[in-house]
Amino acid sequence: MEYPKPSSLSEKWDLCKLAARSFVHSLYNQLQAPWCPPWILLQALFSVGTLDVLVGLSDELAKLDAFVEGVVKKVAQYMADVLEDSRDKVQENLLANGVDLVTYITRFQWDMAKYPIKQSLKNISEIIAKGVTQIDNDLKSRASAYNNLKGNLQNLERKNAGSLLTRSLAEIVKKDDFVLDSEYLVTLLVVVPKLNHNDWIKQYETLAEMVVPRSSNLVRWLKVNFSEAFIAWIHVKALRVFVESVLRYGLPVNFQAMLLQPNRKTMKRLREVLHELYKHLDSSAAAIIDAPVDIPGLNLSQQEYYPYVYYKIDCNLLEFK
């Protein structure tokens with residue numbers, strides 16, 4: 001089945017929807033989020049730069065994509081580890097800009113304040129890399145401190161019988177855990193049963209006047225920085241879509257980014273639909289699927305190469321043990 005070549009962005013979008021309905025009707029009906037609204041028109045945002053810069057940036061963005069994804073998954077996994085007995089609630093804390101991940105992606109808008117588009121594409125990628133590297137370093141530091149404390153507590157539990165309410169805390173707390181020589185602050189030690197942990201987090205700030213806010217909430221840091229890292233990751237994806245599209249299809253810039261969320265059963269047929277729709281963009285795509293290929297600057301493996309630019313966003317970030 002053949003489709004006419006669209007001449008405008010709106011026609012491309014309409015044709016893509018039409019193709020899904022007519023070519024594989026059941027596919028369209030089975031999509032979990034049938035057809036997300038057209039993603040941000042990236043070509044309206046960025047300056048193209050020179051071809052040499054884009055080729056180099058393509059390689060750098062591929063590495064940055066993998067790095068940021070790794071940090072996102074580490075923060076998410078650490079959230080699961082810290083919450084331990086509340087892992088069923090972990091997903092509730094893995095939000096981006098206060099909404100669930102799929103909602104954030106489908107409503108994505110470029111953050112002009114964090115990543116000014118007046119900057120070059122390379123500078124924007126460096127801003128993202130710097131911010132996520134800081135999150136990664138902070139996580140390592142906090143994780144080390146948390147794991148040391150957790151290990152010490154586990155050792156004490158093995159060595160000592162009885163409750164923390166009756167045992168000496170001399171081997172648990174350290175000088176660094178106290179605020180000393182302060183006119184206004186006094187450190188208090190509180191033993192909270194695991195079952196009452198959530199109630200404590202909600203109420204401890206109101207037990208007395210002038211309690212330091214959120215002083216016992218590591219989860220808060222993880223929640224905030226997961227959001228920051230995930231948002232950065234989706235911006236990297238947007239940059240890659242722009243750069244790869246210009247490298248592959250040239251100038252003038254003329255493309256539209258779309259989000260599709262099929263379930264596993266419909267993935268193969270979705271590929272067939274998209275191939276029929278866009279195979280005219282690259283006549284060699286069919287041959288490439290059956291043979292290894294190395295295209296300088298595009299960072300596309302044999303399995304990933306299609307006549308259209310494609311990047312996967314995996315929101316299944318947790319691996320529960």
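## Overall fold

The chain holds 10 helices and 0 strands, where helices (H or I, at least four residues) and strands (E, at least two) are DSSP runs numbered from the N terminus. From the N terminus on, the order of elements is α-α-α-α-α-α-α-α-α-α. This is a predicted model, in which local features need pLDDT of at least 70 and side-chain atom pairs count only at pLDDT 80 or more, while totals for chains, interfaces and linings use all residues. Residues are numbered from 1 along each chain as its sequence is written, and side-chain values use heavy atoms, with hydrogens and water left out.

The chain has 321 residues, of which 36% count as buried; buried means under 20% relative accessible area, exposed over 50% and partly exposed in between, with a 1.4 Å probe and protein chains only. Of the contacts (heavy atoms within 4.5 Å) between residues at least 6 apart in sequence, 74% join residues at least 24 apart.

## Nonpolar cores

A nonpolar core is a set of buried Ala, Val, Leu, Ile, Met, Phe, Trp, Tyr and Cys residues joined through side-chain atoms within 4.5 Å. The largest one has 56 residues, and Ile128, Phe226 and Phe230 touch the most other members. Two or more residues each come from α3 (51-83), α5 (101-106), α6 (121-159) and α8 (218-249). Helix α8 gives the largest share, 18 residues.

Leaving aside residues up to four places away in sequence, Phe226 touches Val72, Val75, Ala76, Leu94, Leu95, Leu101 and Leu317. Another core lies apart from the largest one; it has 6 residues, including Leu270, Leu277, Tyr278 and Tyr306.

## Packing of α3 and α8

Helices α3 and α8 pack at an angle of about 155°, and their axes are 8 Å apart. The axes are lines fitted to C-alpha atoms over the stretch in contact, and angles run from 0 to 180 degrees between N-to-C directions. Helix α3 is therefore roughly antiparallel to α8, a term for angles over 145 degrees. Their crossing is left-handed, meaning that the near helix is turned anticlockwise from the far one by less than a right angle.

The residues of the contact between α3 and α8 comprise 29 nonpolar, 1 polar and 6 charged. Here Ala, Val, Leu, Ile, Met, Phe, Trp, Tyr, Cys and Pro count as nonpolar, Asp, Glu, Lys and Arg as charged, and the others, Gly among them, as polar.

## Val55

Val55 belongs to helix α3. With a relative accessible area of 28%, Val55 is partly exposed. The C-alpha atoms of Val55 and Leu247 are separated by 7.4 Å, although these residues are 192 residues apart along the chain.

Notes:
Parallel < 35°, antiparallel > 145°, perpendicular 65-115°, else oblique.
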